[in-house]
Amino acid sequence: HGQLACFEASAPESVRTTKLESGVEVRVLVEGDGVNFPKSSVEANVVGRLPNGCVFEGNAGKGQPPMRMELGRNSIIRGMEQGLREVSLGSLAELHIPAALGYGAGGVPRMVPPNSDLMFQVELLEVDGVRCSGAAPLSKLPAESCAAEPQGEKGQPVVLRCPWWVRRVERPAPTSYYLSFCQHMARGVPADVLERAVPIQRKSRRQANGWGVTGPPLVIAGVQDGWKAAKEWDLDWFKERLGSHRQLIKWQGPVFTRQENLWDCPIWETSMSEYIDYVRAVEAADPHCAAANAAACPRLYLNGWPAFKQLPWLREYVVNPTFFDDSTGPLIAETDELRELFLAGLTRGYQAPPDEERQRQIDDEYWELTKVFISPKGAITRLHFDNGGAHGWLTQIRGRKLFVCYPPSDGEFLHPFEGDEGLLNGSWVDPLDPEATSKWPKYAGTSPHVAIVEEGETIVQPQGWWHYAVALETSITVMRNFYSKGNKQEMIRRKDEVLENAVAMHVLKAKLKNQPDSMLKQIAHKAVAKIREGFDSRTEPPTL
């Protein structure tokens with residue numbers, strides 16, 4: 001397409017602006033009913049932003065219900081309460097809050113800087129028990145478009161029309177990872193040609209049947225056989241079926257929350273429809289990922305969306321494979337049974353939830369481990385291995401991805417750092433950087449394994465295997481973490497630790513008031529271990 005020009009939309013105009021003496025500024029974008037102003041409570045969709053536009057909160061984008069906020073009880077930040085009292089039911093407004101009325105000098109570590117002003121977009125759906133009728137306030141804003149438009153004759157610049165939802169977040173400079181990818185693709189050789197890399201073995205579904213998920217990763221064909229997703233899912237499907245669904249979009253994945261500040265690795269919030277328009281426009285404007293266009297065409301990433309937990313009706317579109325060892329479902333059910341035994345034995349008058357409700361909770365937990373990723377070409381998942389001691393599989397519904405993997409024994413050569421769980425499971429190493437060995441000297445000792453996972457194929461990565469991935473085309477990926485007989489103790493240990501803490505602090509603490517917390521946790525640990533032995537020996541679990 002030649003040169004690229006970028007036209008960025010301006011902010012929507014406010015219909016009313018109010019500046020309070022405290023410094024709070026209220027900008028109303030859609031006026032409410034003008035009658036029902038909050039006195040005691042509000043239910044609202046809320047998007048919280050830093051001064052640079054980065055999103056640090058968004059209930060709808062996280063698939064959560066509207067936030068319920070009680071006024072006059074010191075339960076929300078002061079600036080939020082002052083701003084809410086100025087808008088009526090059905091309003092869509094921005095509340096600009098000075099730091100002193102927000103999180104103050106302390107901020108929120110790695111999420112909100114100290115002494116940071118804040119902006120909250122609020123969509124008032126209920127005020128003091130009165131519900132908003134008619135269309136949602138957000139839907140009344142003019143729709144934003146994103147498109148790549150050729151200008152004039154051939155060779156003239158293409159104009160990328162960038163919507164406000166993208167522009168409102170200040171973008172960092174293009175990442176070194178993306179620039180490495182641009183240079184890697186410009187070499188003119190196959191993407192999976194890397195120094196020292198060995199190909200990942202490929203097998204059919206029949207050949208992989210009964211695999212214990214040990215040894216190196218495998219690329220398996222046929223996992224999607226019979227999936228509705230394989231037949232129906234594409235960008236148009238998501239836009240038509242889920243276009244209004246709000247999403248949180250990442251600068252890159254994953255975000256290393258113990259190493260990076262949110263404002264340095266920002267998050268956007270938008271609708272599925274607007275995001276898909278953006279994906280298409282970026283690829284039309286810059287189909288070859290030219291390094292010169294990196295700043296104008298960031299490869300924003302819908303990364304790790306727990307779609308199947310949020311929207312149970314999507315579960316019929318995929319079938320979690322069981323032709324290799326996956327013990328996750330029975331382990332979740334056992335933990336639920338263990339919890340119910342404790343509650344029944346230690347809580348007087350305890351009434352178990354109905355079987356239907358228990359099954360729903362078990363199903364939700366099972367499906368929370370299966371997620372959806374959507375991205376344009378060039379979206380990157382940085383080098384890491386998965387939390388929770390879990391295995392993982394990723395299947396390409398649409399598009400192709402390059403995977404570079406390393407065995408667990410390579411960890412010491414990848415200059416690892418502490419990830420979210422306290423494990424050394426993150427790395428800044430960029431497998432596509434031609435100078436990787438000079439930047440990370442130990443990297444020369446690694447044994448990279450590489451594969452291009454084609455549309456319809458699935459890569460399965462056993463526990464502890466490091467992996468980097470980049471989309472070679474517009475991609476729709478389904479990913480799942482799971483546990484087999486070989487690593488089930490990783491899941492059991494984490495589940496039991498949560499249960500032990502809950503039993504100690506919420507049950508035993510009320511019964512054994514004079515015992516220190518350490519003793520309560522020790523008692524809970526022994527009790528959980530005793531019952532867990534019953535499950536492991538396949539006998540009836542003992543009673544308390």
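At what angle do the axes of helix α9 (residues 328-346) and helix α12 (residues 488-511) cross, and within what distance do they come? They cross at roughly 15 degrees and come within 11 Å. The model is predicted.

**Helix pair α9 and α12**

- A crossing angle of roughly 15 degrees is under 35 degrees, so α9 and α12 are roughly parallel to each other.
- The hand of the α9 and α12 crossing is right-handed.
- On the α9 side, the contact uses Thr 328, Leu 331, Ile 332, Thr 335, Leu 338, Arg 339, Phe 342 and Leu 346.
- On the α12 side, the contact uses Lys 488, Met 491, Ile 492, Lys 495, Asp 496, Leu 499, Val 503, Val 507, Leu 508 and Lys 511.
- By class, eleven residues of this α9 and α12 contact are nonpolar, two are polar and five are charged.

**Helix pair α9 and α10**

- Helix α9 also packs with helix α10 (residues 355-367); their axes come within 10 Å and cross at roughly 135 degrees.
- That angle makes α9 oblique to α10.
- The crossing of α9 past α10 is right-handed.
- From α9, the residues that meet α10 are Thr 328, Gly 329, Ile 332, Ala 333, Asp 336, Glu 337, Arg 339 and Glu 340.
- Their partners in α10 are Arg 358, Gln 361, Ile 362, Glu 365 and Tyr 366.
- The contact of α9 with α10 holds four nonpolar, three polar and six charged residues.
- Thr 328, Ile 332 and Arg 339 of α9 take part in the contact with α12 and also in the contact with α10.

**Helix pair α6 and α7**

- The axes of helix α6 (residues 235-242) and helix α7 (residues 272-285) come within 8 Å, crossing at roughly 155 degrees.
- An angle over 145 degrees counts as roughly antiparallel, so α6 is roughly antiparallel to α7.
- The crossing of α6 and α7 is left-handed.
- Helix α6 brings Leu 235, Asp 236, Phe 238, Lys 239 and Leu 242 to the contact.
- Helix α7 brings Met 272, Ser 273, Ile 276, Asp 277, Val 279 and Arg 280.

**Cavities**

- How many cavities of 30 Å³ or more are there? The count is two.
- The largest cavity has a volume of about 150 Å³.
- It is lined by 14 residues; closest to its centre are Thr 175, Tyr 178, Trp 251, Pro 298 and Arg 299.
- The lining of the largest cavity divides into ten nonpolar, three polar and one charged residue.
- The second largest cavity has a volume of about 40 Å³.
- Its lining includes Phe 385, Asp 386, Ala 390, His 391, Gly 392 and Gln 461.
- Also in the lining of the second largest cavity are Pro 462, Gln 463, Gly 464, Trp 465 and His 467.
- Four residues of this second lining are nonpolar, six are polar and one is charged.

**Second largest pocket**

- The second largest pocket holds about 850 Å³ of space.
- Its lining has 38 residues, with Leu 138, Leu 141, Glu 144, Arg 246 and Glu 274 nearest the centre.
- Which element gives the largest share of this lining? Strand β4 does, with four residues.
- At least two lining residues come from each of β4 (41-49), β8 (118-127), β11 (158-162), α2 (164-167), β16 (267-271) and α7.
- The lining of the second largest pocket divides into 18 nonpolar, eleven polar and nine charged residues.

**Backbone details**

- The peptide bond from Gly 253 to Pro 254 is cis, and its omega is near -20 degrees.
- Pro 254 sits in the loop between β15 (246-250) and β16.
- Arg 110 is not a glycine, yet its phi is positive, about 60 degrees.
- Arg 110 is in the loop between β7 (92-97) and β8.

Notes. Residues numbered from 1 in each chain as written. Predicted model: local features only at pLDDT ≥ 70, side-chain atom pairs only at ≥ 80, totals over all residues. Heavy atoms only, no water. Axes fitted to C-alpha atoms, helices over the stretch in contact; angles between N-to-C directions. Parallel < 35°, antiparallel > 145°, perpendicular 65-115°, else oblique. Left-handed = near helix turned anticlockwise from the far one by under 90°. Contact = heavy atoms within 4.5 Å. Nonpolar A, V, L, I, M, F, W, Y, C, P; charged D, E, K, R; others polar. 1 Å grid on protein atoms, 1.4 Å probe; cavity = no way out; pocket = protein on both sides within 12 Å on 5 of 7 lines; lining within 4 Å. Points joined across faces, edges and corners; volume = space filled by probe spheres on them.
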